[in-house]
Amino acid sequence: MANSTSRLCALYGGTFDPIHYGHLKPVEALAKQVALQHVTIMPNNVPPHRPQPLANSQQRKTMVELAISGNSLFKLDDRELQRETPSYTVETLEQLRAEIGTEQPLAFIVGQDSLLSLQRWHRWETLLTLCHLLVCQRPGYSLSMKTPEEQQWLDKHQTTSVEQLHSQPAGKIFLAQTPLYDISATAIRQRLEQHQPCDDLLPPAVAEFIRQHHLYC
Ligand code: ATP
């Protein structure tokens, strides 16, 4: 078990266009499994070569605020939204490391789909020098989809020890057993465009905000 004085915090990056239960519920389960003190949601500024979010930065930020209101596990950090430049996770992590120092354990949360595309991220080899990776399961994605190189990298860094996540500052990959939520922001946007109900896919306050601002339709 993690010792009672360790304070493992995690970052959770993404577009959150909009934030939904597929983001929140697996992470709540993960937080219990590995004794996370906080999860900081960090909506990103999307690089120009990728499809741009339909909701603007302020709307995506507000939806995160509404989603986590009253839930003390989650915090919001809008530093990537403040930048005009694309968000590269590695640069944000370097900035955070400069703030918290090299010794404090730090984790970054991804879904299984993101783990499978991680080797396309900017300076991906540096990520594990800055943080641990905590991986949530996601329906439709299996780690058997990995290439042999990805498997080798995973074998080198994977741990099943929660204690290691708390005692080492970075460098480990933890594959969590999290509940499966077959929800994506893409599917929600499509449903809303077709005027189909989404209320069981998102927190009620987010659904209400979407309705009030006529988003995604
Ligand atoms: P989109 O459909 O617009 O691509 P998304 O629903 O995949 O969006 P993102 O904001 O891109 O959401 O994802 C942020 C993070 O949340 C990523 O690490 C992603 O893997 C994870 N994630 C999103 N949905 C789920 C889900 N249903 N289960 C587990 N992880 C998820």
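## The second largest pocket

In this predicted model, the second largest pocket holds about 280 Å³ of space; a pocket here is an open set of points on a 1 Å grid over the protein atoms alone, with protein on both sides within 12 Å along at least five of seven lines, and a volume is the space filled by probe spheres set on the points, which are joined across faces, edges and corners. Its lining comprises 16 residues, with C9, T40, L96, I100 and L106 lying nearest the centre, where a lining residue is one that has an atom within 4 Å of a point.

At least two lining residues come from each of β1 (9-14), β2 (38-43), β3 (74-76) and α4 (89-100), the elements being DSSP runs numbered from the N terminus (helices H or I, at least four residues; strands E, at least two). Divided by class, the lining of this pocket has nine nonpolar, four polar and three charged residues, with Ala, Val, Leu, Ile, Met, Phe, Trp, Tyr, Cys and Pro counted as nonpolar, Asp, Glu, Lys and Arg as charged, and the others, Gly among them, as polar.

One cavity of 30 Å³ or more is found in a search of the whole structure, a cavity being a set of grid points where a 1.4 Å probe fits but cannot get out. The largest cavity has a volume of about 60 Å³ and is lined by L115, L116, Q119, L143, K146, E150, W153 and L154.

Both α5 (112-117) and α7 (148-157) supply at least two residues of this lining, and α7 gives the most, with three residues. Five of the lining residues of the largest cavity are nonpolar, one is polar and two are charged.

## Helices α2 and α10

The axes of α2 (residues 57-68) and α10 (residues 204-212) come within 8 Å and cross at roughly 150 degrees; axes are lines fitted to C-alpha atoms over the stretch in contact, and angles run from 0 to 180 degrees between N-to-C directions. The two helices are therefore roughly antiparallel to each other, a label given to angles over 145 degrees.

The contact, defined by heavy atoms within 4.5 Å, is made by Q59, T62, M63, L66 and A67 of α2 and by A205, V206, F209 and I210 of α10. Seven of these residues are nonpolar, two are polar and none is charged.

## The loop between β1 and α1

P18 is found in the loop between β1 and α1 (21-34), and the peptide bond from D17 to P18 is cis, with omega near 5 degrees. F16, found in the loop between β1 and α1, has a positive phi of about 55 degrees although it is not a glycine.

## Basis of the values

Residues are numbered from 1 along each chain as its sequence is written, and side-chain values use heavy atoms, with hydrogens and water left out. Because the model is predicted, local features need pLDDT of at least 70 and side-chain atom pairs count only at pLDDT 80 or more, whereas totals for chains, interfaces and linings use all residues.

Key:
Parallel < 35°, antiparallel > 145°, perpendicular 65-115°, else oblique.
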